[in-house]
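Q: I am new to this structure and would like to learn how its features are read, one at a time. Could you show me the sequence and the model, and then take my questions in turn?

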Amino acid sequence: MTVQEKMHNVSLYLPSDPAVVEEQTRCLERLYDYNATRPGEGKKRQALLREMFAELGENCYVEPPLHANFGGKFVHFGNNVYANFNLTLVDDTHIYVGDCTMFGPNVTLATAGHPILPELRAQGYQYNAPIHIGKNCWIGAGAVLLPGVTLGDNVVVGAGSVVTKDLPDNVVAVGNPCRVLRPITDNDREYYFKQHPIDPELLR
């Protein structure tokens, strides 16, 4: 089994392997170019993202600076994905993000982990597990998603949460470790924030 195969099947491997480092360096060069773009260079940013990411849907926006271990090489964005500044993609394996999902500032999606056993960590071993995020999710500022987690559709993750386990569709989840706080209800169709009502015209 090659080191590239091990990266994507939750096997232990050495990320210091020269072939991995060479590929990673090429990806990071393009990421550097992306983060060096000016605010008015929207078309250039889109072109670079299409080169960098495994998949990029329509109308996606990623605010620099973007941080990514492989510059987005294993990242799959659907349509209308929005990411605020300092999105960190530990994309040593695949990250899948559904349509209309939003990321607040300083969110981390970490696919990489290291063994608990000190002897293996001392040798530099790593494993990766993919992250799946459904459609129309909102990941609040400073949230962290750990290796292998899956979020359903319409999930809201509260700011600062640490997601260690899968979350089902249509829930608000908060905390460290992140737990389901409540389902999305009819009340959420009436109020968008505390007692601020939603204009019914917006839902037609």
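Q: How many salt bridges does a search of the whole structure find?
A: Side chains of opposite charge can pair when their charged atoms come close. A salt bridge here is a side-chain nitrogen of Lys or Arg within 4 Å of a carboxyl oxygen of Asp or Glu, and a search of the whole structure finds 5 of them. Before we look at some, please note that this is a predicted model, in which local features need pLDDT of at least 70 and side-chain atom pairs count only at pLDDT 80 or more, while totals for chains, interfaces and linings use all residues. Residues are numbered from 1 along each chain as its sequence is written, and side-chain values use heavy atoms, with hydrogens and water left out.

Q: Which residue forms a salt bridge with Arg26, and why are the two about one helical turn apart?
A: The partner of Arg26 is Glu22, and their closest N and O atoms are 3.5 Å apart. Helices (H or I, at least four residues) and strands (E, at least two) are DSSP runs, numbered from the N terminus. Because Arg26 and Glu22 are 4 residues apart in helix H2 (residues 18-35), about one helical turn separates them.

Q: Which side chain meets Glu58 in a salt bridge, and which one meets Arg182?
A: Glu58 is paired with Arg50, at 3.7 Å from N to O; Glu58 is partly exposed at 49%, and Arg50 is partly exposed at 40%. Arg182 is paired with Asp188, at 2.9 Å from N to O; here Arg182 counts as partly exposed at 33%, and Asp188 is partly exposed at 24%.

Q: What is the volume of the largest pocket, and which residues lie nearest its centre?
A: Rolling a probe the size of a water molecule over the atoms shows where empty space is left. On a 1 Å grid over the protein atoms alone, a cavity is a set of points where a 1.4 Å probe fits but cannot get out, whereas a pocket is an open set with protein on both sides within 12 Å along at least five of seven lines, and lining residues have an atom within 4 Å of a point. Grid points are joined across faces, edges and corners, and a volume is the space filled by probe spheres set on the points. The largest pocket has a volume of about 850 Å³, and of the 22 residues that line it, Trp138, Val156, Asp188, Tyr191 and Tyr192 lie nearest its centre. Two or more lining residues come from each of strand E19 (179-183), helix H5 (187-190) and strand E20 (191-193).

Q: How do the residues of that lining divide into nonpolar, polar and charged?
A: Ala, Val, Leu, Ile, Met, Phe, Trp, Tyr, Cys and Pro count as nonpolar, Asp, Glu, Lys and Arg as charged, and the others, Gly among them, as polar. By this scheme the lining has 14 nonpolar, 4 polar and 4 charged residues.

Q: Where are the cis peptide bonds, and which residues have a positive phi?
A: Most residues other than glycine have a negative phi, and most peptide bonds are trans. In this model a cis peptide bond joins Pro64 and Pro65, with omega about 0 degrees, and Pro65 lies in the loop between strand E2 (61-62) and E3. Another cis bond, also with omega about 0 degrees, joins Asn176 and Pro177, the latter in the loop between strand E18 (171-174) and E19. Cys100, although not a glycine, has a positive phi of about 65 degrees; Cys100 is in the loop between strand E7 (95-97) and E8 and counts as partly exposed at 34%. Lys194, not a glycine either, has a positive phi of about 50 degrees; Lys194 is placed in the loop between E20 and strand E21 (196-197) and counts as exposed at 64%.

Methods: Buried < 20%, exposed > 50% of the residue type's maximum accessible area, 1.4 Å probe, protein only.
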